[in-house]
Amino acid sequence: MSSTSSSRVDLRDHVQDQDLSEEYLSSSSRDYSAGSSPLTTPALSDEEFDFDVPSEDALFAPTQAPADGSEKYIMVIGGLGYIGSHTTLELLREGHNVIVVDNLSNSYKTVLKNVRMLAAHHCKVNNTPMPRLRFFRIDYRSKAMHVLLERYSNLVMTVDATSGKQVVSYQSRIAGVIHFAAYKSVVESIQQPLRYYRNNVCGLVNLLQELERFNIRNFIFSSSATVYGSKANAGLPLKEEDLIHHQVKTQNEAGETTIVEPTIEGLSCPYARTKYFGEAILADVAEADPDWRIVALRYFNPVGCDPSGVLGESPRGEPTNLFPVLTQVLKGDRSNLNVFGSDWPTRDGTAIRDFIHVLDVARGHIAALNWNSKKGNGFSTFNLGSGTGTTVLEAVRSLEQAAGREIPLALVDRRPGDVGMCVASTERAAKELGWSTRESITKCAADLWNYVSKVALRS
């Protein structure tokens, strides 16, 4: 464990001071395979996407006090992606110090600047101190993660509960970890299953082992409604108990006990299976070690963006989710929107989805962190959805209304892995987390169009 080991990578050799007090560790954004080194490959250029933003000096909150080595942080892995960046922003707005880990494979370094700017503006308006924001550009599966975790840990003497002897262990300044670094395309997962299993499943296992070494056991996992599989086609809101990983006992109104066994129904693609496997692994880890506090948040369909119009969804690859594709049509980058399936058993023949504003999703993560800190133990699951079903055509109309223009459509066959309906039951999140959505589908569309319009003006 000595930091002087000759085989150890020194993190300081790869950190640069940034103009906004972030820390930056250079690595490749590509998918790492055996024999490659994320610490020696060239860094990506971040010139492809930038914003003309107001002067930072005009927005900065009061200067931070010097670090004294005792500050607690929330680590956000994949923290510059779509949901990750909005969650990072909300954490800063709530006063949390944040460490962002991202390899920029599906995001841009300029997002960090915009997150910092928006957080600083919030702090100035509310006369609150600006939390610390640290950024490390590394792949979460690389050896650099161990070095980073060690940097934010202190060695302390503890007493072993079994032997009664004093032992040296790590005490981390990372109070919790939120994991956003999974690949997420249904279609791509069908085409490249091994890539998805390597990153989403193998990467998760390696990460958990590292966190355990440093006694970090407060973990928020980005899961997905796809874990419910074909149960989504039952036409009823999906409840967390529709998918469990260990046997549970329930009682009916008459006081009779029923044992419910774990079941899986119709997982439709490798992506869904990686999320199911991820949850199962986490449930087993928490079952084996009661010190773990793990929450899996099952997302439905995050859309929208921060109302400032500065922060949005800008994937590096080809977008596959509905609203990013809609914006491409509105900008003229696509001739029309392909509607996959017009013969679903729904009110207008198009699939029903549960759209939720991305800021509501971000607030759900903070609610989960707070719950973990006060009441959480073991493994728990919560849906993050609005509880309201919207058809694809209704979603299209909402964005047409926001943009004031028509969106050309093409009705095509269903895609492999799609389901006709997927809507959340939100009772558990409301009761236990105290969380519920604040924004409507209309607000999602308005905020998204505001972002698209501003990007178009600046490009």
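**Overall numbers**

Of the 459 residues in this chain, 52% count as buried, where buried means under 20% relative accessible area with a 1.4 Å probe, protein chains only. This is a predicted model, so to speak of local features we need pLDDT of at least 70, and side-chain atom pairs count only at pLDDT 80 or more, while totals for chains, interfaces and linings use all residues. Residues are numbered from 1 along each chain as its sequence is written, and side-chain values use heavy atoms, with hydrogens and water left out.

The chain has 11 helices and 20 strands; these are DSSP runs, H or I of at least four residues for helices and E of at least two for strands, numbered from the N terminus.

**Cores**

A nonpolar core is a set of buried Ala, Val, Leu, Ile, Met, Phe, Trp, Tyr and Cys residues joined through side-chain atoms within 4.5 Å. The largest one has 44 residues, and Leu91 and Leu297 have the most contacts inside it. Helix H2, residues 110-126, gives this core its largest share, eight residues. A second, separate core has 30 residues, including Ile138 and Ala296.

Back to Leu297: among the residues it touches are Ile220, Phe382 and Leu384, leaving aside those up to four places away in sequence. Contact means heavy atoms within 4.5 Å.

How values were computed: Buried means under 20% relative accessible area, exposed over 50%, partly exposed in between (1.4 Å probe, protein chains only).
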